[in-house]
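Let me put the model up and talk through a few spots in it.

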Amino acid sequence: MSAVMITRKVTRKWEKLPGKNTFCCDGRVMMARQKGVFYLTLFLIVGTCSLFFAFECPYLAVHLSPAIPVFAVLLFVFVVAMLLRTSFSDPGVLPRALPEEANFIEMEIEAANGNVMAGQRPPPRIKNVQINNQIVKLKYCYTCKIFRPPRASHCSICDNCVDRFDHHCPWVGNCVGKRNYRYFYLFTLSLSLLTIYIFAFNIVHVVLREYRNIFEHVVSLTPHCTVLEVLVCFFTLWSVVGLTGFHTYLISLNQTTNEDIKGSWSGKNRVQNPYSHKNFIKNCCEVLCGPTYPSVLDRRGVMLEDSTRPTPSDASAASTYKSTNPVSQTTKSSAPLIPNEHTPEEAKPSIGAGTQKSTSSPKEEKPPSPTSPNAVAPAVIKESAH
């Protein structure tokens with residue numbers, strides 16, 4: 001008799017999620033696989049601020065105000081926090097359809113489209129929904145096997161459908177969507193302020209040193225670091241401030257970068273944006289002050305997987321039992337010894353016979369008469385029974 005041991009392996013759902021994302025800290029951190037530019041962004045921010053804190057802040061705190069380095073530290077911490085919040089969070093990835101759901105959707109599509117003639121191209125898979133008295137088309141995703149919600153799109157880099165997809169930003173190493181767009185905008189806005197802040201006080205530092213006598217070794221070291229910071233801030237200023245201005249414009253219209261590039265609401269038909277409140281303040285409040293939506297992935301959910309394997313102790317015990325207790329002899333002896341001959345009635349087991357055998361002694365048993373042609377079979381069967 002063999003025995004098996006059933007073990008349950010605890011697996012987190014993030015380990016089985018499709019797509020091209022990487023997870024850390026047991027699924028709490030979610031990023032794209034291409035993270036090289038993100039590390040460059042972090043290095044530029046930390047490196048530039050470190051030079052500013054090391055060389056400019058001590059001089060400005062003494063000759064101007066001690067509040068200058070304090071405000072710079074607070075702004076730096078806020079920038080890094082928004083960057084990490086944008087990079088490590090779920091942007092709004094939509095789960096893919098299960099096989100049963102995908103088959104059901106396929107049946108619905110086939111029933112709606114009818115039979116398509118051979119050689120003809122099937123009609124596009126879309127659904128029309130009405131939002132604020134305007135028809136919006138829902139497109140079918142052949143990868144995720146779902147009809148994407150309004151404003152959602154499939155990211156080719158992360159290979160996932162993202163709700164309210166804005167764009168994939170390599171500088172933050174993640175997609176920008178419904179759940180992290182406000183943190184992305186706060187990151188760009190605070191980074192613009194930090195860049196302007198460092199650039200302005202670098203200029204102030206250079207001007208003040210022209211009119212004061214400082215120690216020679218400080219004078220010979222500080223200008224090189226100041227020039228490096230000014231160059232980094234100058235080239236960063238135009239890109240970051242320009243990006244912040246562009247997203248401010250999009251927020252005022254309640255529009256995404258993906259919709260602006262595709263011209264979803266400014267095409268030939270001049271379709272109006274059904275998501276805009278026609279008010280700058282209301283649009284900004286909806287995008288920046290709206291509710292925080294929970295993730296629909298349940299990345300840290302538990303999945304139980306059953307696996308069966310024989311136990312070593314039970315397997316060895318079963319093999320020992322088989323070797324010490326053979327069953328083949330008794331089973332074979334109950335068959336008739338002569339072909340086409342039935343088993344005698346005396347060899348058939350019965351309750352009464354078993355009771356009599358247990359109470360009677362061996363001396364009381366009488367051997368069968370030798371004259372009977374079938375007398376040999378019961379004797380053999382009794383011997384095998386003993």
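So, strand β2, residues 21-24, runs antiparallel to strand β3, residues 29-32, and four bridges join them. Strands here are DSSP E runs of at least two residues, helices are H or I runs of at least four, both numbered from the N terminus, and two strands pair if DSSP finds at least two bridges between them. T22 stands opposite M31 in β3. The two strands make a hairpin with four residues between them, and C25 in that turn has a positive phi of about 55 degrees.

Quick housekeeping: this is a predicted model, so local features need pLDDT of at least 70 and side-chain atom pairs pLDDT 80 or more, while totals for chains, interfaces and linings use all residues. Residues count from 1 along each chain as its sequence is written, and side-chain values use heavy atoms, with hydrogens and water left out.

Next, salt bridges, meaning a Lys or Arg side-chain nitrogen within 4 Å of an Asp or Glu carboxyl oxygen. How many do we get by this rule? Three. One is R96 with D159, at 3.3 Å, N to O. R96 is partly exposed at 24%.

Then there's E259 with R151, closest N and O atoms 2.9 Å apart. E259 sits in helix α6 and R151 in the loop between β6 and β7, so this pair ties together parts that are 108 residues apart in sequence. Both of these residues are buried.

And K178 pairs with D163 at 3.4 Å, again for the closest N and O atoms. Here K178 is partly exposed at 31%, whereas D163 is buried at 15%.

Last bit, aromatics. Rings of Phe, Tyr and Trp (six-membered ring for Trp) pair if their centres lie within 6.5 Å; planes under 30 degrees apart are stacked, over 60 edge-to-face, the rest tilted. That gives eight pairs. F38 and Y39 have ring centres 5.5 Å apart and planes at 55 degrees, so they're tilted. F38 is buried at 2%, Y39 partly exposed at 48%, and together with F88 they form one aromatic cluster.

Methods: Buried < 20%, exposed > 50% of the residue type's maximum accessible area, 1.4 Å probe, protein only.
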